[in-house]
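I'll walk you through one protein today, starting with the overall layout and then going residue by residue.

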Amino acid sequence: MTHPDDRYPPTAPPGRTQRDPWRYDAPAYAPYDPYGQAGHRPPHVLQPQPPGPDLTALRSAYRGLRRVSTLAALGSFVAYVLLSCWAPDLMGSEIAGALSLGMGMGILQLLVTFAAVFWYGRSARRSVDPLAQAVRERSVRPARDAGVAG
């Protein structure tokens, strides 16, 4: 014999759906606001700003720089590994004295990696760093206007 109050799952209180009745006991908390009331922030706290065109240009330049240097270094390495696995006779062929094609490509792999690192640094100084400096100056200016030493 069962008691009418021993139903499972329990019925939802008024205003709740029957779909998830086991969640109705969870207390509702207000979202955390470290400054007390929402919207009343101290003047030294920077307000979030939507990304401007200079930040978008910085992201695009950095993304292009990463892609080119990564594809150059990884692409040459993958080609070296694939040729080593599927064309061992080709990689073992001599090109000059005791130097085989595989050893020559291994040395070339080092050169390609160093060239990609060198190109990345040079291109970053030329194209990405000026954009980063502009974004940095734009984000620091509101703090200086608010009277905070920056």
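Predicted model: local features only at pLDDT ≥ 70, side-chain atom pairs only at ≥ 80, totals over all residues.

Layout, then. We've got 3 helices and 2 strands, and if you read along the sequence the pattern is α-α-β-β-α. The protein has 150 residues, and 13% of them are buried. On contacts: take the pairs at least 6 apart in sequence, and 53% of those join residues at least 24 apart.

Now the core. Which residues make up the largest nonpolar core? There are 7 of them: L55, L58, L65, A124, V128, A132 and V135. The largest share comes from helix 3, with 4 residues. As a bit of background, nonpolar side chains in soluble globular proteins tend to be buried together.

Let's zoom in on L58, over in helix 1. Is L58 buried or exposed? Its relative accessible area is 15%, and the cut-off for buried is under 20%, so L58 counts as buried. If you skip its neighbours within four places in sequence, L58 is in contact with V128, L131, A132 and V135. Look at the pair L58 and L131: they're 73 residues apart in sequence, but C-alpha to C-alpha the separation is 5.5 Å.

Next up, S123, which belongs to helix 3, residues 101-145. The relative accessibility of S123 is 3%, so this serine is buried too. What does S123 touch, if we don't count residues up to four places away in sequence? That would be L65 and V128, and both L65 and V128 are on the list for the nonpolar core.

The protein exposes about 12,000 Å², and carbon and sulfur atoms supply 63% of that. There's also a nonpolar surface patch of about 500 Å², made by F77, V78, V81, L82 and W86. W86 sits in helix 1, and with a relative accessible area of 68%, against a cut-off of over 50%, W86 comes out as exposed.

How values were computed
Residues numbered from 1 in each chain as written. Heavy atoms only, no water. Buried < 20%, exposed > 50% of the residue type's maximum accessible area, 1.4 Å probe, protein only. Contact = heavy atoms within 4.5 Å. Core = buried A, V, L, I, M, F, W, Y, C linked by side-chain atoms within 4.5 Å. Patch = residues over 30% accessible without salt bridge, like charges linked within 9 Å, V, L, I, M, F, W, Y side chains within 5 Å. Areas by Shrake-Rupley, 256 points an atom, 1.4 Å probe, with all protein chains shown as cover. Salt bridge = Lys/Arg side-chain N within 4 Å of Asp/Glu carboxyl O.
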